[in-house]
Amino acid sequence: MTTSTTVGKPRDPGTSPAPAPRRRKNLLGRQPLGIVFSAPYVIFILAVLAFPLGYAVYISFHDFFFTAPGVAVERPFVGFDNYAAVLTDPDVGRSFANIGVFLIINVPLTVGLSLILANALNRVTRFRTFFRVSYYVPYVTASVAVVGVWLFLFAQNGLVNSILGPLGPDPSWLVNSGLAMPTIALYVTWKQLGFFILLYLAALQNIPEELYESASVDGAGKVRQFWSITVPSVRPASFLVTLLATITGANLFTEPYLLTGGGGPDGASTSPVFLMYQEGILQGNPDTAAALGVILVLGVLLLAFLQRRFIGGKDD
Amino acid sequence: MAKDYQPTLSTTPVTPAVTPAPRASSTEKQRGLRPVSFILLAVGAFVFLFPFYYMFIGSLQTEPDTSVAGAFPNFENITGANYVLIDESINLFRGLVNSGIFTGGVIACTVLFGIPVGYALAQLQFRGRGAVFALLLLVQMVPFQLLLIPLYVLIVRDYGLADSYLGMILPFAINSTAVFVFRQYFLQLPASLFEAARIDGASELRILLQIAIPLVRPAIVTAILLTFIGPWNEFLWPFLVTKDTAFQPLAVSLANYISNVAATAANPFGAILAGACVLAAPAVALFIVFQRQFISTNIGSSAKG
């Protein structure tokens, strides 16, 4: 390090006779090759993210339908017609209510359980690797695969009902309109928890041990320490966890499609993304589906803003 | 930095003369608490692992046994027939190959194009670096559901890429989280190292290939693992793009089996669980073998932003 700076410094005044090419280089930065290195990624993002994003908004404001490739058709501007169609559709209202139920169960459960388990994991040294791996195994496994077991476990005569005996719900979990969505919320909590435990674990490891030591000298018990030190210290992580859990909830598709056989029973577990698939691709109305997508994203942004307001992310 | 944090009270050398009483009491407290944490963790591990165990047991049962006794291995009720049954319906090998091509394509693009941009963001000074970095952060906020319809219109309808590997790979080609991991690791390398190489006359490409990349091998493994989860487990997008079973990844063909064909099979649960085991096994095995590369510090740094 020292050699490079001492060599570099005296060279600066020495090369003063040729300032012009130097300035041209500075226009693109000291290492213009960085532009070349970044170009594929930037082009990729513009092509599959930025452009489709704008296109989604365009589609949602036009009378848009599928055509064969290369066929030029008129797709008139229709203003907010697609939005009006979406907002007056009772199925859409139902799917948003379902997501509401999902989030009310999933988000607090995820935050609570992952913080408690991460905290326990941070204290125990024995079998630590075993616990860590067993927690994230569901997260890294395909939802399609684990849905198979949950179907088996929560079937009418499945293991869960066998254990519960007469206490088992009737109609059974996934075909009960009151329980289908909570069961999905439980499933997703279980599936994603490992990832959130890892997030919290990283945050917990940044808390200085002295805080706990001095609190314990002051006579604070473990429970008090958890509420007064741990919970406030991991606030930024909590914000991230609620945000990511909300985004996961808004993206729900595989679970209502497979676990409850397409949003059943009778629409009690449809999700907005499932409706986008049904409307946009099966029934060929991409314009209303795109409008639904825009509304959904605005909803997520609103929730993210509220979470930021009440949980906060930056005040550490 | 990547060191596991451990409760250090017992390991820190405390001078014995100084207040032995509080030290003893807090060690006692810690000992007293550990069983609680341990039991909590053990119950958690059971809840997380049992469905996987049950998946495997169920896939081997001749007759689905959903009683409590069915959760224990019963050697009179064991068969491999479910694997044959699911293989006859959806061609497991074809599905695995398609999943492999889809996942491999995404990983290859991520490594090939992600490493240079991660390196450039960490170690090169060039015009537009701030904008590229802002883009990288912004991208992780864009929800996929908004892109569902326009991407379907563009890729399937306009470009005619339905039933093709390219159509499957394209939206996922460069994983932004992996790019972020690359940047974080390259950032930890001292800039002086690169200055010295530049003064020695090495080209930027040579510096990247021969100095920077060999130093961040763990980052490459972590990024590959993170990238792997996406396409291997992805259902919605390949489900929309592939209608031809010859191109369907295993997640899609198994899902189609669950939603359509299952009703006609003699032991649908056995067959579904057999397929589920085949789909789950590669991911689970990979993450057990490389568990060291998937620790909280790596994930934390990638998600913190």
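The expected span of a helix is taken as 1.5 Å times one less than its number of residues, and helices (H or I, at least four residues) and strands (E, at least two) are DSSP runs numbered from the N terminus. The model is predicted, so that local features need pLDDT of at least 70 and side-chain atom pairs count only at pLDDT 80 or more, while totals for chains, interfaces and linings use all residues. Residues are numbered from 1 along each chain as its sequence is written, chains are lettered from A and ligands numbered from 1 in the order in which they are written, and side-chain values use heavy atoms, with hydrogens and water left out.

In chain B, helix α13 (residues 268-289) comprises 22 residues and spans 32 Å from its first C-alpha to its last, close to the expected 32 Å. This helix, α13(B), carries a kink of about 35° at B:Ala280, shortly before the proline B:Pro282; the bend is the angle between axes fitted to the seven residues ending at a residue and the seven starting there.

Chain A contains 15 helices and zero strands. Of its 316 residues, 52% are buried (under 20% relative accessible area, with a 1.4 Å probe and protein chains only).

A:Ser271 lies in the loop between α13 (254-258) and α14 (272-282) of chain A. A:Ser271 counts as buried because its relative accessibility is 0%. Its side chain reaches the backbone oxygen of A:Leu252 at 2.6 Å. Beyond neighbours within four places in sequence, A:Ser271 is in contact (heavy atoms within 4.5 Å) with A:Ser95, A:Ile99, A:Leu252, A:Phe253 and A:Pro256.

Terms used:
Buried means under 20% relative accessible area, exposed over 50%, partly exposed in between (1.4 Å probe, protein chains only). A polar contact is a pair of N or O atoms within 3.5 Å; within protein, one must be able to donate a hydrogen and the other to accept it, and residues adjacent in sequence count only if both atoms are side-chain atoms.
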